[in-house]
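Subject: Structure handover

Hello,

Here is the structure you will be taking over. Please open it and keep it in view while you read the notes below.

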Amino acid sequence: MTVVVCIKQVPDSTNVRIDPRTNTLMREGVESILNPFDAFALEQGLALKDALGVRLVAVSMGPPQAAAVLREALACGADEAFLVSSRAFGGADTLATSYTLSRAIRTACGGRPDLVLFGKQAIDGDTAQVGPGVSEFLDLPLVTYVKALSVTPDAAFRVTTSMDDGEHVIEGRLPAVMTVTKDAAPPRFAPLAGAMRAAKAKITVLDEKAIAADPIRIGLTGSPTKVVTIFPPPVKGGGRKIEWRGDAAALAHEIREAIHG
Amino acid sequence: MIETDVLIVGAGPAGLATAISLKRCGFAGRVVVIDKGCAVGSHVLSGAVMDPAGFRELLTEEEIAKLPVEAHVNRESFRFIFGAKASMPIPWVPPMMQAHGFPVGSLTKVARYLASIAERLGAEVYTGYAVTELIERDGVVVGARTGEKGLAADGRPKSNHLASEEIAAKVTVLAEGGAGVLTDRLVEAKGLAGRRPQSYAIAVKELIELAEPVAGSGGTIMHTFGYPVNLWTYGGGFVYHVSDSRVMVGYALGLDYIDATLDVHEIFRRYKATGAVGRHISGGKAVAYGAKVIPEGGFYAMPRPHALGALIVGDGAGLLDGLRIKGIHIAIESGIAAAAAIAETSADAAAVGERYHALLRATRGYAEVRRVKNVHGGFTRGAPFGVAMAGLAWATFGRFPFWMFGRRHRDSETMRELRPGALEAAARCAADPAIRAFPDRLTDVFMSGTLHEEDQPCHLHLVDPARCEACERRFGSPCTRFCPAEVYRRDEGRLRIDFSNCLHCKTCRIKCPLENVEWRFPQGGDGPRYTMM
């Protein structure tokens, strides 16, 4: 059984600042981290590896430095890692990304995997669209908001999902695509010995040729949506507090003054 | 079991210099550097005006040209500050104190750069793992152990518990920085302490972004002494323009101070409110903050920097020029000496220590530390005396006096008991709106990026909680004031410890008047996340 976990490197949003003059992200002083939701997806994959001995494949799409998150996955116990990286993929929106990843997953597994895991969303774009998009391109059933997952050796699965109205329990049969929430089991830590192994491990880079991608469906060309501008919303003022001092008329007067200036 | 030839604990300038130098001198064995920060440099902080002597010995011309610094010192001054509005430049500065042409910038960034060189040369650097214990066999250090991860607050393993791992090493190099826990434990256990107990200063620092760049201001530096502390207290500040739009402002307070009411962060705010500093940062906004201790005890406080199987490099070995408050270049030189000793002896635990010590003594940095051996001593007899002595040391290029001088107390022993009303008087001074215009302590803590898993055992262990009540009566809980990160606070009549604020500076374990704080390691990867300090 082959399980793919898709992970993304994102800027650590706790520290992101926007240059007020240019409205661009100031990358200096901002660490790149594994998308926190993806860490929970990885944990589900690792748990399946512990339970069933599945082959666990980590896939990430991004610039060369995104290899760092793949090494984290390898350090935790993933078997193989693929970095989907090429200038041709630059500027991809969620549609082009979903297409590209679905091609890369097929290449990495040599066919269709039994299970593809995603974090519910990435903390930089917050779209939550790529997991569902990949399920469309791979033509696989989709389960979102997964908080617990078990799979039997004959590929029957049972998941619990967190929804607004409570928890849903869903049963089915693999293959499937699932997106995992932060209610799931907390991610494990990579042992130092694992980090040492991962530092030397091979990461296969997949470009547009390796995944036999259709050139008009990738990168900026393949993206029907474009980011036009990015700007921080105007900072709201602190407002003004008008206190009740025991006199209704005075209070009404004060409010009227505040409204009409 | 992980096996390596050399294990280096701490990825700061000293540890990384050891790794780079080992690979440069052709050492074929495995070299592993481990740091408890989440990334290289995240626990590295300094002013920093860097004496380039160390880089010249360690790096190639080409590598020096690529050092990640934006400015070199081109204008420097020393000022004595009398008060909020009055200060005076010092007319004569001995040539040895001058820093013209020295790179000025972020040591965090420099550490990252050094790590990239070390890795390129074949050393391995791992971050996010705390080395919490040395392993000894028959009195020889034979490696170390990493800390567990995934323990709950009550100490029980959580579902993602990670066990401790053992690393066997022929030589373990401790490059933990000032007040390192493993270093201090080794010094204590092996009787390596110097003739005088180590003494520290706590330094706090902000990176300030100016509203508009000031053309040509990059490379301007200023050192000050005097106000906001009185003449009985050892302290001084610095203002470094690291580029045309960014200024590092910092203050270092000697931890042998006697006044229990002193509040390091409030002194820092007061410092920024002075005219002397204000003109450099007006309209600017702080974007980063950090704190760290500096070992200031000088030559006589240096421990013997080796035990069987273990070497101590950098700040942990007390290698700091106490007159210039410069240690980065000496840390690098000590790393180079350690590397040479390891290579020459083929990492032989029995022979490497003495060889390292001999090579260290031959470095220029060591000679510098020896030359200014008594700068700290004068201050142990009160600051007026210290200032006079420092003046003489200044005039004699650090040589005077020539014999070992000064008292031998620990920083925890110097504090005097509180007089009634003293805290209230201090609070009245702190209410000044000019001071309160600067970020408060918690805002600064936020800007340090510090982060700790909340559900883990508290790493600041009170030896006897009852002592804290005695301390409250006698000293008014000075930890609530000397901690630069608001870890300690009094709440509902008892001391509370918000360990997740901790910046790993170790001031509490140094200055607690009842020596009641035992610093244990939080989960590896936790702590400050400096990126520009």
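A term first: a crossing of two helices is called left-handed if the near helix is turned anticlockwise from the far one by less than a right angle, and right-handed if it is turned clockwise. Please also keep in mind that this is a predicted model.

Helices 8 and 9 of chain B

By that definition, helix 8 of chain B and helix 9 of chain B make a right-handed crossing. Helix 8 covers residues 328-344 and helix 9 covers residues 349-361. Their axes are 8 Å apart, and the packing angle is about 140°. The two helices are therefore oblique to each other. On the helix 8 side, the contact uses B:Ser334, B:Ala337, B:Ala338, B:Ala340, B:Ala341, B:Ile342 and B:Glu344. Facing them in helix 9 are B:Val352, B:Arg355, B:Tyr356, B:Leu359 and B:Leu360. By class, this contact has 9 nonpolar, 1 polar and 2 charged residues.

Helices 1 and 8 of chain B

Helix 8 of chain B also packs against helix 1 of chain B, at an angle of about 40° and with the axes 7 Å apart. This pair, too, is therefore oblique, and the crossing is right-handed. Helix 1 contributes B:Pro13, B:Ala14, B:Gly15, B:Ala17, B:Thr18, B:Ser21 and B:Leu22. The residues from helix 8 include B:Ile328, B:Ala331, B:Ile332, B:Ser334 and B:Gly335. The contact consists of 12 nonpolar and 5 polar residues, with no charged ones. B:Ser334 is listed in the contact with helix 1 and in the contact with helix 9.

Helices 1 and 4 of chain B

What angle do the axes of helix 1 and helix 4 of chain B make where they cross? The angle is roughly 25°, and the axes come within 9 Å. Helix 1 spans residues 13-24 and helix 4 spans residues 107-121. Angles under 35 degrees count as roughly parallel, so helix 1 of chain B is roughly parallel to helix 4 of chain B. Here the crossing is left-handed. From helix 1 come B:Pro13, B:Leu16, B:Ala19, B:Ile20, B:Lys23 and B:Arg24. From helix 4 come B:Ala111, B:Leu114, B:Ala115, B:Ile117, B:Ala118 and B:Leu121. The contact has 10 nonpolar residues, no polar ones and 2 charged ones.

Domains of chain B

The domain assignment divides chain B into domain 1 (2-66 + 108-194 + 302-371) and domain 2 (375-405). The C-alpha centres of these two domains are 31 Å apart.

Where chain B touches chain A

Between the chains, 16 residues of chain B are in contact with 14 residues of chain A. On the chain B side, strand 7 (124-127), strand 10 (149-151) and strand 11 (157-162) each supply at least two residues. Strand 11 gives the most, with 3 residues. The chain B side is made up of 6 nonpolar, 6 polar and 4 charged residues.

Chain A

Chain A has 6 helices and 13 strands. Its radius of gyration is 23 Å, well over the 18 Å that the globule rule gives for 261 residues, so chain A is more spread out than a compact globule. Along the principal axes, the C-alpha atoms of chain A fill a box of roughly 75 × 40 × 40 Å.

Regards

Notes: Residues numbered from 1 in each chain as written. Chains lettered and ligands numbered in written order. Predicted model: local features only at pLDDT ≥ 70, side-chain atom pairs only at ≥ 80, totals over all residues. Domains from an automatic or database assignment. Axes fitted to C-alpha atoms, helices over the stretch in contact; angles between N-to-C directions. Helix = DSSP H or I, 4+ residues; strand = E, 2+ residues; numbered from the N terminus. Parallel < 35°, antiparallel > 145°, perpendicular 65-115°, else oblique. Contact = placed C-beta atoms within 7 Å. Nonpolar A, V, L, I, M, F, W, Y, C, P; charged D, E, K, R; others polar. Rg over C-alpha atoms; globule rule 2.2 N^0.38 Å.
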